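Please look over the sequence and the three-dimensional view first.

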Amino acid sequence: MYQYDHYDQAMVDTRVEEFRDQTRRRIEGTLAEENFRPLRLQNGLYLQLHAYMLRVAVPYGTLSSRQMRMLGDIADKYDRGYGHFTTRQNIQYNWIKLEDAPDILADLASVEMHAIQTSGNCIRNISSDQYAGAAADEIVDPRPYAELLRQWSSFHPEFLHLPRKFKIAVIASDTDRAAMKLHDIGIQLVRNDKGEIGAAFYVGGGMGRTPMIAPLINPFVPIDQLITYSEACLRVYNRYGRRDNKYKARIKILVHELGKDEYTRQVEAEFAHLLSQGLEPPLAELERIKAHFVDPPFEEGLPDDLDLGDPDFALWVKSNTVAHRRPGYVVANVSLKPVGGIPGDASADQIRLMADLARDYSFDELRVTHAQNIVFPHVRKADLYTLWQKLDAADLATANLDSIGDIIACPGLDYCSLANARSIPVAQKISERFAARDRLETLGELKLKISGCINACGHHHAGHIGILGVDRKGVENYQLLLGGCEGADTSLGQITGPGFSEDGIVDAVEKATDVYLAQRQDGERFLDTYRRVGMAPFKEALYG
Amino acid sequence: MKILTGNDLRTGAVIWWDGSGWSLHVEDAVDVGEHAAEILAREEAARHVNASYAVDAQMTAEGVRPAHIKERIRALGPTVRPDLTLKPADPSALNWVI
Amino acid sequence: MVEAQYRFRDDEPVADPAVTVDSFGEQSNAAAVRLEPGDDARDLLPYLDRLRLVEVNFPSFGDGRGYSSARILREAGYEGELRAVGAVFVDQLSHLRRCGFDSFAPEVALDPVDAENAFNRWPDVYQATTDGRTPIWARRHPGGNRG
């Protein structure tokens with residue numbers, strides 16, 4: 001994986017000292033909160049319901065065991081012994097002191113990590129496919145391209161005060177595991193007829209209160225123009241994105257209001273101008289970065305079979321592992337969704353254990369997924385049983401990946417000052433209701449996503465079943481959505497009708513699954529059945 | 001009644017205006033009547049508090065109770081981690097929130 | 001004209017008042033113009049030969065349109081004074097410099113020590129702009145082929 005050179009290290013170290021200075025001025029009183037707020041946000045520091053919250057970047061979701069161990073140590077040293085992995089492949093700490101924040105950033109910098117631009121109206125941490133470098137279906141590892149974009153977007157002087165936040169995802173396979181079309185810019189690396197790599201640009205997707213699927217604005221940007229084209233997309237947005245209304249300020253609204261064709265025309269005109277400006281790093285720079293992402297020393301001739309004699313292990317293998325592109329290896333997912341647990345939370349001890357296991361069994365590498373889980377990307381099949389036993393002993397071997405138990409949930413009103421309703425208790429109740437192994441197996445792939453407010457951090461629009469918490473006259477109320485999906489066939493969920501109470505929404509989810517089980521045809525997932533039969537039978541069961 | 005809350009500038013801890021300073025406990029909150037804006041402006045300027053605001057509350061038999069669930073969660077702590085709330089040993093505290 | 005607190009130029013400052021973009025086109029002798037965030041900096045490109053001062057107004061810390069206006073002018077070859085005015089604070093200075101600003105007229109005077117630190121903060125830069133600094137990628141590949 002990528003390692004900083006002295007330039008990268010100096011940039012991150014400088015940022016720590018800059019923030020230390022800004023924090024000092026805030027505490028001493030020469031920097032007003034009004035101006036400090038955007039600065040602390042661009043260093044990942046929020047003020048939440050109970051305390052400051054620090055969001056640490058995990059660029060394109062990739063971590064070394066040394067970095068993971070530091071995340072566990074920070075949880076103990078500066079927080080309350082745990083962290084929360086997010087849908088943007090980051091980690092958040094919930095109980096941070098402002099006066100500690102510069103020291104935390106310094107500790108992060110010591111392992112080549114940071115919290116730069118994890119919040120604020122700027123280009124955020126760049127996300128990617130959690131199986132990058134391991135997936136059997138990728139045309140190329142997307143992470144070097146994401147790293148090139150990370151360096152370009154870090155401290156970009158023109159784009160630090162955009163109309164609103166800006167999220168970029170980069171993938172390199174037709175199976176979209178990063179919800180690419182629900183980003184401000186989604187980039188899919190593709191190969192043309194000549195075999196050259198280029199970037200397909202999808203611009204103007206997003207969730208929030210006006211969910212939109214990004215349209216394709218350019219099917220093939222040559223790879224040696226990637227940065228320049230990105231710059232053009234951003235400049236048009238910075239100049240013309242709406243600043244009169246926070247809720248209409250995302251690029252999706254600009255693209256929608258201008259129309260895809262007019263936005264594209266403006267980008268192409270800006271791009272034509274910028275091509276002469278020498279903005280593009282040489283291909284040698286991409287090659288330099290790529291050299292950091294060479295394969296680990298995979299062994300040849302390993303046996304490709306697994307002993308599935310232990311039924312619990314067999315179930316976990318079926319549910320939580322994915323084919324690796326190399327024989328004898330497998331991709332293993334750790335579900336951070338134990339039955340009745342808090343989705344995405346891990347204790348400091350669990351984080352450090354995963355760090356050790358990655359060192360011992362996965363070439364020192366881990367991934368964070370947008371579904372709030374952890375991946376060991378390169379596990380020898382011969383080691384898988386041992387790995388599973390060690391995970392199981394730490395309550396990290398729940399076999400429920402992509403099932404109704406693998407719920408995405410935002411922190412909700414338990415932690416978030418923007419939320420209207422709690423998300424986590426609903427996730428806990430649903431995961432308990434459907435905990436029985438045969439229920440999980442019968443229902444198969446069923447992605448359930450919960451947001452505690454319209455900002456949609458829990459991706460409720462993209463859930464096969466989505467839940468949106470709202471405030472109804474001071475009482476928590478939950479709307480049900482059906483039919484959302486991320487990926488190549490991205491669709492947005494539709495609201496079923498009037499909302500439900502906290503217990504009512506759990507019953508409503510169960511009724512929706514009953515409709516599915518009654519109506520499904522051979523091999524259909526919940527989503528397939530919903531798409532075939534439509535909303536009517538679900539409405540009938542819920543409200544009839 | 002109107003009570004005032006905010007976060008301690010340095011630590012981020014949730015605090016409540018008790019009439020002469022800031023307390024970690026909502027039980028200590030006092031009715032500020034019409035003086036919310038004036039107290040908040042002064043306390044923010046003195047950097048005693050950050051992100052402060054006034055909320056509606058009622059005086060009940062159990063003490064001061066913020067009118068909205070958001071500030072009740074704020075006063076106690078996350079309902080999903082009773083061990084991290086201000087009253088980890090009191091299981092009835094969650095009923096007060098909800 | 002707004003008095004600059006910092007000016008990184010040796011030439012004589014323009015004494016004329018900066019006029020709006022609309023009236024600038026009509027006044028054939030005007031040399032100073034004031035750009036508001038909603039103005040299109042490209043409207044000035046036909047007049048670069050007689051422009052000596054462009055004031056770019058920042059109505060608030062968070063309105064970043066002026067950064068693009070500045071780069072557009074510099075990319076088009078404008079070499080006159082480019083002055084950031086209005087809500088200009090210490091923590092923007094290094095980024096404004098990178099975008100081509102060479103004078104600064106904040107509405108609230110900046111602390112000299114803080115400002116000095118801010119101007120000199122970054123040892124290196126990741127992006128190419130027109131400010132003459134060599135981006136890190138070019139330092140890594142001296143003489144390397146341009147993409």
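The text below treats domains, helices, sheets and chain contacts in turn.

**Domains of chain A**

The model described here is predicted. The domain assignment of chain A gives domain 1 (6-109), domain 2 (134-290), domain 3 (311-393) and domain 4 (408-543). Between domain 3 and domain 4 of chain A, the C-alpha centres are 26 Å apart. Seven residues of domain 3 of chain A make contact with eight residues of domain 4 of chain A. On the side of domain 3 of chain A that touches domain 4 of chain A, four residues are nonpolar, two are polar and one is charged.

**A helix pair**

Helix H1 (residues 6-28) and helix H4 (residues 101-109), both of chain A, pack with their axes 9 Å apart and at an angle of about 175°. H1(A) and H4(A) are therefore roughly antiparallel to each other. From H1(A), the residues A:Val12, A:Asp13, A:Val16, A:Phe19, A:Arg20 and A:Thr23 meet A:Ala101, A:Pro102, A:Leu105, A:Ala106 and A:Ala109 of H4(A). The contact of H1(A) with H4(A) comprises eight nonpolar, one polar and two charged residues.

**Strand S15 and its partners**

How many residues of strand S15 (residues 374-380) of chain A are buried? Seven of its seven residues are buried, and S15(A) is mostly covered. Strand S12 (residues 329-334) of chain A runs antiparallel to S15(A), and five bridges join the two. In this setting A:Val330 stands opposite A:Val379 in S15(A). Strand S14 (residues 365-368) of chain A is also antiparallel to S15(A), joined to it by two bridges. Here A:Val368 stands opposite A:Ile374 in S15(A). S14(A) and S15(A) form a hairpin with five residues between them, and A:Gln372 in the turn has a positive phi of about 70°.

| Strand pair | Sense | Bridges |
|---|---|---|
| S12(A) and S15(A) | antiparallel | five bridges |
| S14(A) and S15(A) | antiparallel | two bridges |
| S17(A) and S18(A) | parallel | four bridges |

**A five-stranded sheet**

An open sheet of chain A has five strands in the order S16-S17-S18-S19-S20, with mixed pairing. Its edge strands are S16 (408-409) and S20 (494-495) of chain A, each of which pairs on one side only. Within the sheet, strand S17 (residues 448-451) and strand S18 (residues 465-472) of chain A pair in the parallel sense. The bridge partner of A:Ile450 in S18(A) is A:Ile467. Helix H15 (residues 502-519) of chain A packs on the sheet and touches S18 and strand S19 (475-482) of chain A. The direction of H15(A) makes about 15° with that of S19(A).

**Contacts between chains**

Chain A gives 37 residues to its contact with chain C, and chain C gives 33 residues. Which element gives the largest share of the side of chain A that touches chain C? The largest share comes from H1(A), with seven residues. Other elements that give two or more residues to this side include helix H2 (33-41) and helix H5 (143-153) of chain A. By class, this side of chain A has 15 nonpolar, 12 polar and 10 charged residues.

Chain A is also in contact with chain B, through 22 residues of chain A and 20 residues of chain B. On the chain B side, strand S4 (50-60) and helix H2 (69-76) of chain B are the elements that give two or more residues. H2(B) gives the most, with four residues. The residues of this side of chain B divide into nine nonpolar, seven polar and four charged.

Key:
Residues numbered from 1 in each chain as written. Chains lettered and ligands numbered in written order. Predicted model: local features only at pLDDT ≥ 70, side-chain atom pairs only at ≥ 80, totals over all residues. Axes fitted to C-alpha atoms, helices over the stretch in contact; angles between N-to-C directions. Parallel < 35°, antiparallel > 145°, perpendicular 65-115°, else oblique. Contact = placed C-beta atoms within 7 Å. Nonpolar A, V, L, I, M, F, W, Y, C, P; charged D, E, K, R; others polar. Domains from an automatic or database assignment. Buried ≥ 20, exposed ≤ 12 C-beta atoms within 10 Å, placed from the backbone. Pairing = 2+ DSSP bridges.
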